[in-house]
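Here are my notes on this model, in the order I'd go through them with you. Have a look at the structure, then read on.

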Amino acid sequence: MLRAMDSAVAGLRAHQNKLDVIGNNIANVNTFGFKAQTFSFKEAMYQTSTNSTKGSTTAGGVNAAQYGYGTMMGSISTDMSSSTPTYVGGLNATISGEGFFITYPSADKDIQVSDMKKTDFNYTRVGQFNIDANGYLVDSNGNFVYGFRPDDVSSPTRFEGNLKPIKAPDDVTGSNFNGTALQLKDVKINDLGEITGTVVSTDANKRGKTVSLGKVAVATFQNPQGLSKKGSYYYGASESDNSGTASATIPGGSTSKLMTGYLEASNVDLAKEFSDMITTQRGFQANSKIITVSDEILSDLINMKR
């Protein structure tokens, strides 16, 4: 009888955990970039009462007899599929396909692409950008957006090298980024990830010139489901996780392009979540009933002694 109660308690705990996942999905139905999670069950331990025997010419084979101890969490997986883009305008962008924008809380990093997973970057699907007072491209949480800058004066449209924070240059050649950033207006991002702006200056030689801040990087992983959620629509990666090989390139070509002015909506399917919620609630109720019945039988046993 206690086995039935143990199984029911395990079932209650597992169904409560699944309700927690469903509740989080529903709570984030309108969160930009949110990826829904799916909870699965697996069987708990077993106690073997009779072992399975092969049998012989003198006795037939016997199947094993085992008592189960309920269920437990199997996995919590994340659905990384893209969702519907929502137009919001402004200096915003969403990735049309796989990939993540790269952000970091400080602007002092100069990282080789091969060392991405050695750095605690924040990866996000939400390209909600703006230019801060110092000319840096930042996200809605104030984290610096990383990418590639124009590498030299002779080829201002060539983007390569290390990952660096995107910043307005200090001159109209678009090659110097160490001084005070130029004041810009009409800052835009195109589908290839390039950030450009028009110079605002009292100097007639600078005023009205269009400069490039660089191109945002799009990071891709061999196994995106191996990333860990960090909250605030961020994901994290490390050398010891299951996300696999990481790379970062500019949008276009083999890498997904951007949809400018759009943000990716949550991929939560409310109809599925409500259906799962009902079946999970029924499972919870059924396990509660097992506890009630077990308690009644134990009470009857005590009353028999009296």
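1. Let's begin with Lys 230, which is partly exposed at a relative accessible area of 39% (buried means under 20% relative accessible area, exposed over 50%, partly exposed in between, with a 1.4 Å probe and protein chains only). Its side chain meets that of Asp 120 in a salt bridge, 3.3 Å from N to O (a side-chain nitrogen of Lys or Arg within 4 Å of a carboxyl oxygen of Asp or Glu). The pair links distant parts of the chain: Lys 230 sits in strand E17 (residues 228–231) and Asp 120 in the loop between E7 and E8, 110 residues apart. Asp 120 is partly exposed as well, with a relative accessible area of 48%.

2. Before going further, some housekeeping. This is a predicted model, where local features need pLDDT of at least 70 and side-chain atom pairs count only at pLDDT 80 or more, while totals for chains, interfaces and linings use all residues. Residues are numbered from 1 along each chain as its sequence is written, and side-chain values use heavy atoms, with hydrogens and water left out. Helices (H or I, at least four residues) and strands (E, at least two) are DSSP runs, numbered from the N terminus.

3. Back to the charged pairs: the salt bridge count comes to six. One of them joins the side chains of Asp 241 and Lys 117, at 3.0 Å from N to O. Here Asp 241 is in the loop between strand E18 (234–236) and strand E19 (246–249), and Lys 117 is in the loop between strand E7 (100–104) and strand E8 (122–124), 124 residues away. Asp 241 counts as partly exposed at 21% relative accessibility, whereas Lys 117 counts as buried at 15%.

4. Glu 264 and Arg 125 also meet through their side chains in a salt bridge, 2.9 Å from N to O. Glu 264 belongs to strand E21 (residues 262–264) and Arg 125 to the loop between E8 and strand E9 (127–131), so this pair ties together parts 139 residues apart in sequence. Both Glu 264 and Arg 125 are buried. Through shared partners, salt bridges join Lys 35, Arg 125 and Glu 264 into one network.

5. Now the helices. H1 (residues 2–27) has 26 residues and reaches 37 Å from its first C-alpha to its last, close to the expected 38 Å (1.5 Å times one less than the number of residues). Its buried residues include Ala 8, Leu 12, His 15, Lys 18, Ile 22 and Asn 25. As a reminder, an α-helix has 3.6 residues a turn, so residues three or four places apart point the same way.

6. Which residues form a nonpolar patch on the surface? Val 293, Ile 297, Leu 301 and Met 304 do, with about 360 Å² of accessible area together. Val 293 lies in helix H2 (residues 270–305) and is partly exposed, at 32% relative accessible area.

7. Ser 75, in strand E4 (residues 71–78), is partly exposed at 33%. A polar contact of 2.9 Å joins its side chain to that of Ser 40. Thr 198, in strand E14 (residues 194–199), is buried at 17%.

Key:
Patch = residues over 30% accessible without salt bridge, like charges linked within 9 Å, V, L, I, M, F, W, Y side chains within 5 Å. Areas by Shrake-Rupley, 256 points an atom, 1.4 Å probe, with all protein chains shown as cover. Polar contact = N/O pair within 3.5 Å; in protein donor to acceptor, adjacent residues only side chain to side chain.
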